[in-house]
Amino acid sequence: MCLAIGHCGQRSNGPFARVWRRVSETPLRLFSLSAAFHLLLIITILVYADANDMPPGSVALFAVLLYGIAAFPVFGALLTGLPKKYALSPVHYARYTGIYLLMFVALLILEAGILLGDALLITGMCLLLPAWLLSLRAISNIHEWLPADRQVFSRIILLLLVAQFAGLGFALLVTLVPGTVTDRHELVLILAPTSLLVWLAVMLLFMRLMNTAPQHVRVVRT
């Protein structure tokens, strides 16, 4: 299981450091704010592409939205909510900030690839893979420490996330193999609805786990 964040004796108290500590206090807060930032950036890119008559790359846009922007808040909710609700050790700061950095950089590259082409698209998707692996490993650790009767739900969540990861790998493979734009557009039309349904199922199972968590009673000493 991931260790709790240890006490840090020395830390900066500058304005940026204080803001960063607030933003990165939990995976949910850090990942959700990052998702909001990238969503605004995507909207800006699409407006720019439309104004300059530049058709955006469908696979890059699909990867950003469903494997990055959607994944950020879902991973944040799982990595924050389950340890807190089930009184487990929180996910280590270094682990979730490592996930954040990989995904953040990957999404920036993919967003550039929406306009600039396949080379950046492939690089961005390759960077998403280790970020997902780190996330899956952290969620797997949480699963192992959940009560046995709750592991049924968390196991299904893991299987669904592995299926999403396989979809990301498949999209990358198709991108690496020479093909037409039409072929890739059809790939998006096939994978996008399935990916949305998987995210919905993951969140419903997460809510089930949260709602059925045991009530922890704090002992008050007098």
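**Nonpolar patch and salt bridges**

Leu39, Leu40, Ile43, Val47 and Leu65 make a nonpolar surface patch of about 440 Å². The model is predicted. The structure also holds 2 salt bridges, one between Arg29 and Glu25 and one between Arg150 and Asp149.

**Nonpolar patch**

- Helix α2, which spans residues 27–51, gives the most to the nonpolar patch, with 4 residues.
- Ile43, one of the patch residues, lies in helix α2.
- Ile43 has a relative accessibility of 45% and therefore counts as partly exposed, since partly exposed covers the range between buried, under 20%, and exposed, over 50%.

**Salt bridge Arg29–Glu25**

- Side chains of opposite charge can pair when their charged atoms come close.
- The side chains of Arg29 and Glu25 meet in a salt bridge at 2.8 Å, N to O.
- Arg29 is partly exposed because its relative accessible area is 32%.
- Glu25 also counts as partly exposed, at 47% relative accessibility.

**Salt bridge Arg150–Asp149**

- The side chains of Arg150 and Asp149 meet in a salt bridge at 2.2 Å, N to O.
- Arg150 has 14% relative accessibility and so counts as buried, the cut-off being under 20%.
- Asp149, with a relative accessible area of 49%, is partly exposed, because exposed requires over 50%.

Note on methods
Residues are numbered from 1 along each chain as its sequence is written. This is a predicted model: local features need pLDDT of at least 70, side-chain atom pairs count only at pLDDT 80 or more; totals for chains, interfaces and linings use all residues. Side-chain values use heavy atoms; hydrogens and water are left out. Patches are made of residues with over 30% relative accessible area and no salt bridge: like charges are joined within 9 Å, nonpolar side chains (Val, Leu, Ile, Met, Phe, Trp, Tyr) within 5 Å. Accessible areas come from the Shrake-Rupley method with a 1.4 Å probe; for residues, only the protein chains shown count as cover. A salt bridge is a side-chain nitrogen of Lys or Arg within 4 Å of a carboxyl oxygen of Asp or Glu. Helices (H or I, at least four residues) and strands (E, at least two) are DSSP runs, numbered from the N terminus. Buried means under 20% relative accessible area, exposed over 50%, partly exposed in between (1.4 Å probe, protein chains only).
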